[in-house]
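Here is a short report on one protein chain. Keep the sequence and the 3D view open as you read.

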Amino acid sequence: MAPAPSSASALPEDFLLDLSIECDGWPEEDELEALSLRAAEATFRVGGLKAMPGSELSLLFVDDARIRELNAEWRNKDKATNVLFPWRGRDERALRPSAW
């Protein structure tokens, strides 16, 4: 888990970042943690969004074969993509920016 964001962060102090790296070829975990925290902070800041206290972001770093498996399982799509957001059991429409 990455350390809590700094006090100047757009994220709450108790924000948790959970990284899982399932294959070779990615940067070292500490580098991925720093990059992921910066990306999360920028997303909330630029989007004018507020992360709720106790929020957690889980990221899984995989290869094309594994993301293809995940897409088949979660999205019924037989292809590799660079992002997967599984919303099984949730209202997909509520997760689209147009619903905000």
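The chain holds 2 helices and 2 strands. Helices here are DSSP runs of H or I with at least four residues, strands are runs of E with at least two, and both are numbered from the N terminus. Along the sequence, the pattern reads β-α-β-α.

This is a predicted model, in which local features need pLDDT of at least 70, side-chain atom pairs count only at pLDDT 80 or more, and totals for chains, interfaces and linings use all residues. Residues are numbered from 1 along each chain as its sequence is written, and side-chain values use heavy atoms, with hydrogens and water left out.

**The chain as a whole**

The chain has 100 residues, and 22% of them are buried. Buried means under 20% relative accessible area, exposed means over 50%, and partly exposed lies in between (1.4 Å probe, protein chains only). The chain exposes about 7,300 Å². Carbon and sulfur atoms supply 52% of that area. Such areas come from the Shrake-Rupley method with a 1.4 Å probe; for residues, only the protein chains shown count as cover.

Now take contacts, meaning heavy atoms within 4.5 Å. Among contacts with a separation of 6 or more, 51% join residues 24 or more positions apart.

**The nonpolar core**

Which residues make up the largest nonpolar core? There are 9: L11, F15, L17, L19, L32, L37, A40, A51 and F61. Strand 1 (16-21) and helix 1 (29-46) are the elements that give two or more residues to this core. Helix 1 supplies the largest share, 3 residues. A nonpolar core is a set of buried Ala, Val, Leu, Ile, Met, Phe, Trp, Tyr and Cys residues joined through side-chain atoms within 4.5 Å.

L19 is one of the core residues. Setting aside neighbours within four places in sequence, L19 contacts E29, L32, E33, S36, L59 and F61.

**Helix 1**

Helix 1 has 18 residues. Its span from first C-alpha to last is 25 Å, close to the 26 Å expected at 1.5 Å a residue. The expected span is 1.5 Å times one less than the number of residues.

Which residues of helix 1 are buried? They are L32, E33, S36, L37, A40 and E41. These residues sit on the same side of helix 1, because they cover an arc of only 160 degrees around the axis. The arc is that of the directions from the helix axis to the C-beta atoms. An α-helix has 3.6 residues a turn, so residues three or four places apart point the same way.

The buried residues of helix 1 pack against strand 1 and strand 2. The face turned away from the buried side carries the exposed residues R38 and V46.

S36 belongs to helix 1. Is S36 buried or exposed? S36 counts as buried because its relative accessibility is 8%. Not counting residues up to four places away in sequence, S36 touches L17, L19, L59 and F61.

D30 is also found in helix 1. D30 is exposed, at 58% relative accessible area. D30 and L19 are 11 residues apart along the chain, and their C-alpha atoms are separated by 9.9 Å.

**An aromatic pair**

How many aromatic pairs does a search of the whole structure find? It finds 1. W26 and F61 form this edge-to-face pair, 4.9 Å centre to centre with 70 degrees between the planes. The pair links distant parts of the chain: W26 is in the loop between strand 1 and helix 1, and F61 is in strand 2 (residues 56-61). Rings of Phe, Tyr and Trp (its six-membered ring) pair if their centres lie within 6.5 Å; planes under 30 degrees apart count as stacked, over 60 as edge-to-face and the rest as tilted.

W26 and F61 are 35 residues apart in sequence, yet 7.6 Å apart in space, C-alpha to C-alpha. F61 touches L19, S20, I21, E22, C23, W26, L32 and S36, not counting residues up to four places away in sequence.

Here are relative accessible areas for some residues.

| Residue | Relative accessible area | Class |
|---|---|---|
| F61 | 12% | buried |
| W26 | 38% | partly exposed |
| N76 | 71% | exposed |

**Positive phi angles**

N76 lies in the segment after helix 2 (64-75). N76 is not a glycine, although its phi is positive, about 55 degrees. G48 follows helix 1, and its phi is positive too, near 65 degrees.
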